[in-house]
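Here's a quick briefing on one model. Have a look at the chains first, then read on for the contacts between them and the sheet.

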Amino acid sequence: MSENDRFAHRLALLGGVEFSPTDLETITSEIVDMDRILTELEQFAHDTPWVSLQAQPNEKKPHHD
Amino acid sequence: MISDFLEADLVDLSWLISTRELSSADVVTAALERLRSLEPKLNAFITVLDEPALAAAKAADDEIAHGQRRGPLHGVPITIKDMFATSGVRTTGASKILLDWVPNFDAHIVERLHAAGAIIVGKTNLDEFGHGGTSTLSHFGPVHNPWNTERIAGGSSGGSAAAVAARICPVSYGTETGSSVRRPASYCGIVGFKPTFGIISRYGSFRGAWSQDHVGIFARSVKDIALGLEATAGYDSRDPSSVRQDTPTYASHLDGNIKSLRVAILPRFLEGVDSAVKEAFEIAVKALADAGCVIEDLDIPELRYAAMTSMMTSAAESAGINRGWFRERHQDFVPHVARGLAVGMTITASEYLTVQRARHRIRQALHEAYENIHLIVTPTTARVAPPIAEGVKGNGDDTRHASYNHSNLLRFPSMLGLPGCSVPCGISPDGMPIGMQIIGAWFADQTVLNAAWAYQSLTDWHRQKPAVCQ
């Protein structure tokens, strides 16, 4: 995916909300930084287990004294 | 001129009211007068509750006179961040979006504070919905630091920190998603404590990022923090993250004997810390060593990813929470907050899950570290409060600064739900306070408070007064 396509894909997620050119420039530069961070985090976390986020009702949990 | 009793800690003020040497009505009146006189300089409040506070104070005096004292907060003026819903009183989150919203229910901590007889005199200013670290991102304008009104108070709970530092009240309640209690406490020269995730219910407070949000407490003494925690901690089924726990009794268990506590410092992350801050921190660590703590260097390389993981989690979750308002009223957000939400909106589900894997790996590293140590201590912030003129970038809080070395130390406690306390530990050459944070393992809240209390008993940094009190 080209860089332009990648930006277009991300900006489409704004759901039609429009920003001024100046704001868009700021947002785009943040997205560039975010892409760099995500690449780093992906490498850092690649062999880490997926996390279960299920919450269980407290009253059903066994008690461990 | 401050009424002398407004200088008093919660413990002393409470005793004076309980013995009827002072009436709650007199103390609350003085607190409101002080608030009004300082507000043009600090801009620490969004809503002031003159009449309800005075009526509650008179009721407290009646109850105390009839032997019905409810506890240490009874009749004492306090403040809360305008993140907490208050029945019949507008609750804005410092946002234009909720400028006139008057809830018909109380947040959990408000319920508990009313039950304890505390008198809420005002709702404090903040970064909009907690999205920021400066308290400059408010629809109501920036909060000013009581030590130097040209500086930021820190955020997002800056109004609460400023109010306690300026002796308007002895205790205030805020929230923390990244560093929003510990940072403003450090910048304003007071104590700020964030308990283990789930200890205080967040029911009725706006969400910044649900998996990182905490309720926290500001005071000038650690004992006051412990009393403020006791009043508000406890299981609440309305917050899915609330933890079942024994009736909290933190204050009566404060123990200044910290001999043999194993305390780690993390030299890798101190590179880049301002020299005055570093020097004050080193002196503070020596004080802990002299008190019998075993100090050791520790390296947790995984922490290098803590700030970016925390910020990405916040960005994604806050975008999810504010999705509706963002689409319908984005122009009503503070512009910087709107841009931050826009960035968060572009994070995909798979990317969020990748970030959570990284978070899990960092959590495992800390879990292993705490097998061998009791506490981690670090400077709370890398430098003292920057000028307001530096704006939101003054804190290095933008995503582009996420790899900034010290930010990792500031952000990991909230991201992982660890208890943390910032205590004053020095004054910079330009007259601004410096803080040290003490971080414990999950549910080691009492150990953190004990160490903070022991440190305070050895020093008097927490008794230094800001410029507005001179």
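A polar contact here is a pair of N or O atoms within 3.5 Å; within protein, one must be able to donate a hydrogen and the other to accept it, and residues adjacent in sequence count only if both atoms are side-chain atoms. By that rule, seven residue pairs (both at pLDDT 80 or more) are in polar contact across the interface of chain B and chain A. This is a predicted model: local features need pLDDT of at least 70, side-chain atom pairs count only at pLDDT 80 or more, and totals for chains, interfaces and linings use all residues. Residues are numbered from 1 along each chain as its sequence is written, chains are lettered from A in the order in which they are written, and side-chain values use heavy atoms, with hydrogens and water left out.

**Interface**
- On the chain B side 36 residues are in contact with 31 of chain A (heavy atoms within 4.5 Å).
- The rule finds three salt bridges across the interface of chain B and chain A (a side-chain nitrogen of Lys or Arg within 4 Å of a carboxyl oxygen of Asp or Glu).
- One salt bridge joins B:Arg339 and A:Asp23, with the closest N and O atoms 2.8 Å apart.

**Sheet**
- In chain B, 11 strands make an open sheet with mixed pairing, ordered β1-β3-β2-β6-β8-β7-β12-β13-β11-β9-β10 (strands are DSSP E runs of at least two residues, numbered from the N terminus; two pair if DSSP finds at least two bridges between them).
- β1 (45-48) and β10 (294-297) of chain B sit at the edges with a single partner strand each, so one side of each has no neighbour in the sheet.
- β7 (191-194) and β12 (420-427) of chain B pair antiparallel over three bridges, and B:Gly192 has B:Ser422 in β12(B) as its bridge partner.

How values were computed: Helix = DSSP H or I, 4+ residues; strand = E, 2+ residues; numbered from the N terminus.
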